[in-house]
Amino acid sequence: MAQSTPDTPRLRVIKPWRATYSPALSVTAGQRVTPGRVDDEYPGWQWVVAANGLGGWVPAQIVAGGTITEDFDTTELTVVPGDSLSPLAHRLGWSRCRMASGQEGWVPDMCLAPF
């Protein structure tokens, strides 16, 4: 794992978040899913269910006619105030981050602040 440097962006957890469901859903481009409702609390996210019955929230823009258009992993992190995270991606009010332990997952932006 790369060492943190002063130029490496970091995020600080300011509000706790508990991962909302387990196991997480991981989908791949071309995979067929059953689309469900769009989230009212986090606009742009859509519930989908894979053939194995596992469901999860994915960006609605990657669901086209019941087919996933890009790989996506719905894993969330459980974090507490004071945790330091490395941002990896950002989407629709959520940031995909890496913890010092190497664990990766999504955290709502409302729980994060820049260092």
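A salt bridge is a side-chain nitrogen of Lys or Arg within 4 Å of a carboxyl oxygen of Asp or Glu. This tour uses that rule at its first stop. The structure is a predicted model, where local features need pLDDT of at least 70 and side-chain atom pairs count only at pLDDT 80 or more, while totals for chains, interfaces and linings use all residues. Residues are numbered from 1 along each chain as its sequence is written, and side-chain values use heavy atoms, leaving out hydrogens and water.

**Stop 1: E104 and its partners**

Select E104, R96 and R98. The side chains of E104 and R98 meet in a salt bridge at 2.7 Å, N to O. E104 also forms a salt bridge with R96, at 3.7 Å, N to O.

Buried means under 20% relative accessible area, exposed means over 50%, and partly exposed is in between (1.4 Å probe, protein chains only). R96 is buried, with a relative accessible area of 15%. E104 is partly exposed at 28%, and R98 is partly exposed at 27%.

**Stop 2: R91 and E70**

How many salt bridges are counted by this rule? The count comes to three. Select R91 and E70, whose side chains meet in a salt bridge at 3.0 Å, N to O. The pair links distant parts of the chain, 21 residues apart: R91 is in strand β9 (residues 84-91), and E70 is in the loop between β7 (67-68) and β8 (72-73). Strands here are DSSP runs (E, at least two residues), and helices are runs of H or I with at least four residues, numbered from the N terminus. R91 is buried, with a relative accessible area of 17%, whereas E70 is partly exposed at 32%.

**Stop 3: G93**

Move to G93, in the loop between β9 and β10. G93 is partly exposed, with a relative accessible area of 29%. Contact means heavy atoms within 4.5 Å. Leaving aside neighbours within four places in sequence, G93 is in contact with P108 and D109. Now draw a distance from G93 to T69: the two are 24 residues apart in sequence and 20 Å apart in space, C-alpha to C-alpha.

**Stop 4: the largest nonpolar core**

A nonpolar core is a set of buried Ala, Val, Leu, Ile, Met, Phe, Trp, Tyr and Cys residues joined through side-chain atoms within 4.5 Å. Select V79 and L85, which touch the most other members among the 26 residues of the largest core. The strands β1 (11-13), β4 (45-50), β5 (55-59), β10 (94-98) and β11 (104-108) each supply at least two residues of this core. Which strand gives the largest share of this core? That is β4, with three residues.

Keep L85 selected and show its surroundings. Not counting residues up to four places away in sequence, L85 touches P9, R10, L11, V13, L77, V79, C97, R98, M99, V107 and L112.

**Stop 5**

A disulfide is a pair of cysteine sulfur atoms within 2.5 Å. By this rule the count comes to zero disulfides.

**Stop 6: Q46 in β4**

Select Q46, placed in strand β4. Q46 is buried, with a relative accessible area of 12%. Its side chain reaches the backbone oxygen of G36 at 3.0 Å. This is a polar contact: a pair of N or O atoms within 3.5 Å, where, within protein, one must be able to donate a hydrogen and the other to accept it, and residues adjacent in sequence count only if both atoms are side-chain atoms. Beyond four places in sequence, Q46 touches P35, G36, R37, V38, G56, W57, V58, A60 and V63.

**Stop 7: D39**

Finish at D39, found in the loop between β3 (33-38) and β4. D39 is buried yet has no salt bridge. The nearest side chain of opposite charge, R37, is 4.4 Å away; Lys and Arg count as positive and Asp and Glu as negative, with His and the chain ends not counted. The side chain of D39 does reach the backbone nitrogen of E41, at 2.8 Å. Apart from neighbours within four places in sequence, D39 is in contact with W45 and W57.
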